[in-house]
Amino acid sequence: MRGSIKLFNVFGISIKIHFTFLLLPIIFGHFYGLRGVFLILFVFCCVTFHELCHSLQAKHFGVKVEQIVLLPIGGVAAMKSIPEKPKEEFKISIAGPLFNVTFALVLFLPAYFLLGPENLFHPGIETWPKTFAYAFWINPILAVFNLLPAFPMDGGRILRSFLADRMEYGKATRIAVGFGHTFAVLFGFVGLISSPPNIILIIIAFFIFIAASQEGMQVDLRLTLRRFSVKDVLPEQFVSVSPSTPLSEVLALTMHSHQEDFPVVENGKIKGLLTRSDIILTIHQFGVQKLVKDVMRTDFPVVQVKDPLIKAHRLMEEWQLKAIPVMRREEVVGIVSLEDISRVYLLMSTSKR
Ligand SMILES: [Zn+2]
């Protein structure tokens, strides 16, 4: 995520903090002094442990977790993919809130006897005992808030795993997304009518709404693409270029064909991939004199014509490409583009209605 600073590595996961989170200790320190800074750092620790518990459980199921980013509104663990097995999704989702509940239970008796009920049940920031009481309540609040069935928050994921055990995964996701949207609207409404308006709640509502929609669409796309193979969407005609073709000729080709990316072939063997962005960038810098071999990528993925379409999509995402060459064994038989994939997706999603 842009604007985040790496703090340290733990279990091979890098813990990062978004620069906006750094503003919080300063703001709280300014208004509430040392006690304010302490509270923010305590929240920081609780959120980090919460996300670490998700991440470790995910790693246990073989999911790659690259980083945890701490934002002012909570933490985000960047996982490569969330398992579609309901039991695994359930265990990963519950792990975070479970940490907060356990921590709160462990802290309760010491907090009760050390701070006394007069402080524990009347938290504040005026004195240290009241501040510690405040810190105690952070974990129960984090647990309850995350367990609300507002997809894609933890509670929403738990709801989906519960539904997916009983019905088709796509349908379960659609219902969970509906819950996410409903809660987002509710949070936004409560945030607006509070006086003064609760800005944090409004921002959270906004994030939940967008995140729920995005995840719903991703699942939909994944499930649709799984039913097709590369062969099903592969355009019948395609143009390839040779390494010695000048870019001026390639430019003419892009005008006359619908193709924007080209496999580079020599003596019937694939040698490279020429992408539209590389063509534009080179022409912009050096003009049309350059040859294909000066510009082409030699490190690129390919798919086989029989491969599932989802594989082509995944490779495009991983390599940040808009098209990849399609092979039948060693021979290039075409190029499949993101457009070809979105066409089949749009066609299927409109026919569903
Ligand atoms: Zn969580």
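The questions and answers below go through the domains, helices and sheets of a predicted model.

User: How are residues numbered, and which pLDDT is needed for local features?
Analyst: Residues are counted from 1 along each chain, in the order in which its sequence is written. Because the model is predicted, side-chain atom pairs count only at pLDDT 80 or more and totals for chains, interfaces and linings use all residues, while local features need pLDDT of at least 70.

User: Where does the domain assignment place domain 1, domain 2 and domain 3?
Analyst: The bounds come from an automatic or database domain assignment. This assignment gives domain 3 as 230–352, domain 2 as 149–225 and domain 1 as 1–147.

User: How many residues of domain 3 are in contact with domain 2?
Analyst: Two residues are in contact if their C-beta atoms, placed from the backbone, lie within 7 Å. The C-alpha centres of domain 2 and domain 3 are 36 Å apart. On the side of domain 2, five residues take part, and they touch a number of residues of domain 3 that comes to seven.

User: In which order do the strands of the four-stranded open sheet stand?
Analyst: Strands (E, at least two residues) and helices (H or I, at least four residues) are DSSP runs, numbered from the N terminus, and two strands pair if DSSP finds at least two bridges between them. The pairing in this open sheet is mixed, and the order is 1-2-3-4. Strand 1 (4–10) and strand 4 (74–79) each pair on one side only, which makes the edge strands strand 1 and strand 4.

User: At what angle does helix 1 run to strand 3?
Analyst: Axes are lines fitted to C-alpha atoms, for helices over the stretch in contact, and angles run from 0 to 180 degrees between N-to-C directions. Helix 1 lies across strand 1, strand 2, strand 3 and strand 4, and its angle to strand 3 is about 155 degrees.

User: Is the crossing of helix 2 and helix 4 left-handed or right-handed?
Analyst: A crossing is left-handed if the near helix is turned anticlockwise from the far one by less than a right angle, and right-handed if clockwise. Helix 2 and helix 4 (residues 128–147) have axes 9 Å apart and pack at about 155 degrees. Helix 2 passes helix 4 in a crossing that is left-handed.

User: How many charged residues has the contact of helix 2 with helix 4?
Analyst: Ala, Val, Leu, Ile, Met, Phe, Trp, Tyr, Cys and Pro count as nonpolar, Asp, Glu, Lys and Arg as charged, and the others, Gly among them, as polar. Helix 2 brings residues including Val101, Phe103 and Leu107, which meet residues of helix 4 including Phe132, Phe136 and Leu142. By class, this contact has 15 nonpolar and four polar residues, and the number of charged ones is no residues.

User: Which strands stand at the edges of the three-stranded open sheet?
Analyst: The order of this sheet is 7-8-9, with mixed pairing. Each edge strand has a single partner strand, so one side of each is left without a neighbour, and these edges are strand 7 (303–304) and strand 9 (331–337).

User: Which residue in the turn between strand 8 and strand 9 has a positive phi?
Analyst: Strand 8 (residues 323–328) pairs with strand 9 in the antiparallel sense over six bridges, and among the bridge partners are Arg328 and Glu331. Two residues lie between the strands of this hairpin, and the turn residue with a positive phi of about 55 degrees is Arg329.
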